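Colleague: I have a structure on screen and some questions about it. Can you take me through them one at a time?

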Amino acid sequence: MTSVVVLSDTHGNLSGLEKIDVVLAECDKIIHLGDTSSDASRINKKFGNKTIIINGNCDLTKLGDDEKVIEIEGVRIFATHGHLYSVKSTLARLAERAKSEGCRIALYGHTHCAREDDIDGVTLINPGNFSRYSKNGYCYIAVSGAKAVAKLVEIN
């Protein structure tokens, strides 16, 4: 089994991220979906090369990719911040792009709203945000063989 923590829209809230240090230390992969990727850089320095950084629309310094296909135990996952796919208006474009890449899961942020949707065989997951101005949250994904189970986690 591979455990994955997905974060997005941390916006410099390093004290908030410290609340989940144990979770980050124990998981196998960390995916930061942008805004602010410099926070992901700090996570990468602390937890090593298990961190994958995706650029967001507020990231002046681009430290990662704009989008990336990640394969974990045969499960293909499409990761992007979401702003390039107009996720505040529709999830259809994101689902179409993920499907075209052969991905069953699409991870995105940008909206600051944690949610999980299924469109045309693609599970779309937004972990929410980690800003200083709202409830914090992340997504925990357990991948085993060809099966992936996601859980949205809210932090107070």
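Colleague: Which residues does Leu 107 touch, not counting residues up to four places away in sequence?
Modeller: Bear in mind that this model is predicted. Leu 107 is among the residues with the most contacts inside the largest nonpolar core. Outside its sequence neighbours up to four places away, Leu 107 touches Val 6, Ile 31, Leu 33, Ile 77, Phe 78, Ala 79, Thr 80, Ile 125 and Ile 141.

Colleague: How many residues does the largest nonpolar core have?
Modeller: Nonpolar side chains tend to be buried together in soluble globular proteins. Here, the residues with the most contacts inside the core include Val 6, Ala 79 and Ile 141. The core's count of residues is 17.

Colleague: Which elements give two or more residues to this core?
Modeller: Look at the strands. The elements are strand 1 (2-7), strand 4 (67-72), strand 5 (75-80), strand 6 (105-107) and strand 9 (136-144).

Colleague: Is the one aromatic pair, Phe 78 and Tyr 85, stacked or edge-to-face?
Modeller: Phe 78 and Tyr 85 are both buried. Their ring centres are 6.0 Å apart. Planes over 60 degrees apart count as edge-to-face. The planes here are at 85°, so the pair is edge-to-face.

Colleague: Is Ser 8 buried or exposed?
Modeller: Ser 8 sits in the loop between strand 1 and helix 1. Among the residues it touches are Leu 33, His 81, Gly 109 and Phe 130. Buried means under 20% relative accessible area. Ser 8 has 0% relative accessibility, so it counts as buried.

Colleague: What is the phi of Asp 9?
Modeller: Asp 9 lies in the loop between strand 1 and helix 1. Asp 9 is buried, with a relative accessible area of 0%. Most residues other than glycine have a negative phi. Asp 9 is not a glycine, yet its phi is positive, at about 50°.

Colleague: What is the relative accessible area of His 112?
Modeller: Find His 112 in the loop between strand 6 and strand 7 (115-119). His 112 also has a positive phi, near 70°. This residue is partly exposed, and its relative accessible area is 31%.

Colleague: Is Lys 19 buried or exposed?
Modeller: Lys 19 is in the loop between helix 1 (14-18) and helix 2 (21-26). Leaving aside neighbours within four places in sequence, Lys 19 is in contact with Ile 155 and Asn 156. Exposed means over 50% relative accessible area. Lys 19 has 53% relative accessibility, so it counts as exposed.

Definitions and conventions. Residues are numbered from 1 along each chain as its sequence is written. This is a predicted model: local features need pLDDT of at least 70, side-chain atom pairs count only at pLDDT 80 or more; totals for chains, interfaces and linings use all residues. Side-chain values use heavy atoms; hydrogens and water are left out. A nonpolar core is a set of buried Ala, Val, Leu, Ile, Met, Phe, Trp, Tyr and Cys residues joined through side-chain atoms within 4.5 Å. Buried means under 20% relative accessible area, exposed over 50%, partly exposed in between (1.4 Å probe, protein chains only). Helices (H or I, at least four residues) and strands (E, at least two) are DSSP runs, numbered from the N terminus. Contact means heavy atoms within 4.5 Å. Rings of Phe, Tyr and Trp (its six-membered ring) pair if their centres lie within 6.5 Å; planes under 30 degrees apart count as stacked, over 60 as edge-to-face and the rest as tilted.
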